[in-house]
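Here is a short report on a structure with its sequence. Have both open as you read.

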Number of protein chains: 2
Amino acid sequence: MLGRGWVRLFCRAVRSQRSCRLACGLVCVLAAGMPLLQAGEPLASWHDGASKEAILSFVSAVTQEGSETFVPVQERLAVFDNDGTLWPECPLPFELAFTLDEVRRLAAEDPDLAAEPLVQAAIEGDLKRLVAGEQHAGLVKVLTLTHAGMTSDEFARRVEAWLAKARHPRFGVPYEQLTYRPMQEVLALLREKQFKVAIVSGGGVDFMRQFAERVYGVEPEWVLGSSADVAFEIRDGRPEFFKKPSGFFVNDKVGKSVRIYQQLGRRPIACFGNSDGDQSMMEYTTIGNHYRSLGVLVRHTDETREYDYDKQPLVSGRLVSALEAASEHGWTVVDMQDDWKTFFGPQP
Amino acid sequence: MLGRGWVRLFCRAVRSQRSCRLACGLVCVLAAGMPLLQAGEPLASWHDGASKEAILSFVSAVTQEGSETFVPVQERLAVFDNDGTLWPECPLPFELAFTLDEVRRLAAEDPDLAAEPLVQAAIEGDLKRLVAGEQHAGLVKVLTLTHAGMTSDEFARRVEAWLAKARHPRFGVPYEQLTYRPMQEVLALLREKQFKVAIVSGGGVDFMRQFAERVYGVEPEWVLGSSADVAFEIRDGRPEFFKKPSGFFVNDKVGKSVRIYQQLGRRPIACFGNSDGDQSMMEYTTIGNHYRSLGVLVRHTDETREYDYDKQPLVSGRLVSALEAASEHGWTVVDMQDDWKTFFGPQP
């Protein structure tokens, strides 16, 4: 059962990889090379246009005291998908890159493990083989190897070590440097306007909490993600949580709405996503909300500066139904190529 | 399966009821009758003594900039049990009183339902019969009747209606008026010192979120409790969550530590509880914490003003092992009779 949860999540990742075209140049506009932004100018990395205007006018409308659309501070909850919305998900979702690198690291220390055929497939990055078969035994194997069977502290150390060392295969920089500057500006704007900002991601919550505060300024309490059971024990005078390969909750699609309800207990008024996996929380946020609400879908349309996998998805389901629903529900569709002056950069 | 979770929770409730002696007078020192407290005086409803001093010195130590024991604002997380810690749990935990009243209400509208023997037992308040048998079929029955099979909005309306109408059998006032004033003062003090304050209760999270903000000033995001599955659907243009009788998580004992880890992702530095069900989160908070931490157990020792069910518990397990562990771990043990000038009152 648990395997199935993980598999659903990572099969989506594999599909997304197939549809990500590893295109063109190394135009990597990172923080160091960015033009200095005028202090205080909101959404400075956004070109003027309908997308920027939609975000600014929403924020203005719900925060202006006395206006009919004013929303009390405590009700200002905004939710953000992570992979593909706040940072890239190509050529692999970053957590899947971590997973494969971890298998390689573990296999290097253990010849018996390395000799196992499915582990070999992971070492070679043969995703097709990992997801083969009804039960996707390879994926279950590598996820169990890398995400369970250790304490949460040990897992955290492994994630930190990987983040410090790993480099993105195309951009050649640490993964943490690849957050979208335009989205960081949205986070900053909302925070300035006293919004609560939550990340609601299909990624594992234990993985994301290692960097979300440092990278996005989002504290652990506001990071919602996929999860599995943990067992709590006091060992050698230390409270520890043991990560178990059971009780998996896939924080994707309808699961995102459910988790927002269960964990935050409050309906968002703004939602940012980039795929059909975000459609449910977009609907929860916007449909019939008695507050003015905002739904934003970001489309990956820029082969030169990032990736273009929305226009011609090789596998259906990437961003299809959510895009169709956008006009019906009045969601803002961001075209990364047209709307963003720059791609990557840290928190303002 | 689901039933078993609920049953564990409510059997504890039933045991607690048996051990609560419905004693003595109607000395009901409510807000109206309280002496005016000097503005700004922290913990004004606490007698001077070791308990008050322990709380004040902890708060001072972790919030004084430059001190060795200073704790950064974001790490100041305090967790509170609810039933028996922030308000009474006698003669019944309030949610169980709601449950029985709801069965009575539903049965009054449905003669067929009323005729069922287990429903009859609930109507008569015959808890022994409800928990009889290995499977505790009666309790499962009434909990399923009252906590599942409706939307979250409908459940919220029922809780609100009950809170507005129901009166505590001994004190004769709405349940919401029975929060402990001394504990409200602790909440206020911690909030003033920029603590994050979370309620971590065995009670149902959907039940508690109806009043936690109004009564304690604790927003829904910071209420952690027992829960069950919900299904998300858009019906008639409305997003709705349907409460299901499955996937029960019992937020008690080790479950409290697990839920704090899973949901908040941060270790508390202060924990307030009153029973063995809180022992795990007390341990998680205090054992080997590299920050200075505070564990507080409140003991129900005042038959005259509230209840006395700790000294002579009729059923073991109430407050036994946590009390034994208190001296080992340096937890503060509050004696309600000796430490509290007054019992009940709202947020300062």
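The report covers the chain contact, a sheet and one tryptophan.

**Chain A against chain B**

This is a predicted model. In it, 28 residues of chain A are in contact with 28 residues of chain B. H12(A) supplies the largest share, 7 residues. The table sorts the chain A side by class.

| Class, side of chain A that touches chain B | Residues |
|---|---|
| Nonpolar | 13 residues |
| Polar | 9 residues |

Chain A has an open sheet of 6 strands. Their order is E3-E2-E1-E6-E7-E8, and the pairing is parallel. Strand E3 (223–226) and strand E8 (332–335) are the edge strands, each pairing on one side only. From one strand to the next, the twist averages 15 degrees. Within this order, strand E6 (270–273) and strand E7 (294–299) of chain A pair in the parallel sense over 4 bridges. A:Gly273 has A:Leu297 in E7(A) as its bridge partner.

**B:Trp87**

B:Trp87 sits in the loop between strand E1 (77–80) and helix H3 (94–108) of chain B. Is B:Trp87 buried or exposed? B:Trp87 counts as buried because it has 22 C-beta neighbours inside 10 Å, and the cut-off for buried is 20 or more. Beyond its neighbours within four places in sequence, B:Trp87 is in contact with B:Asn82, B:Leu178, B:Thr179 and B:Tyr180. B:Gln177 lies 90 residues from B:Trp87 in sequence, yet their C-alpha atoms are 9.0 Å apart in space.

Key: Residues numbered from 1 in each chain as written. Chains lettered and ligands numbered in written order. Predicted model: local features only at pLDDT ≥ 70, side-chain atom pairs only at ≥ 80, totals over all residues. Contact = placed C-beta atoms within 7 Å. Helix = DSSP H or I, 4+ residues; strand = E, 2+ residues; numbered from the N terminus. Nonpolar A, V, L, I, M, F, W, Y, C, P; charged D, E, K, R; others polar. Buried ≥ 20, exposed ≤ 12 C-beta atoms within 10 Å, placed from the backbone. Pairing = 2+ DSSP bridges. Axes fitted to C-alpha atoms, helices over the stretch in contact; angles between N-to-C directions.
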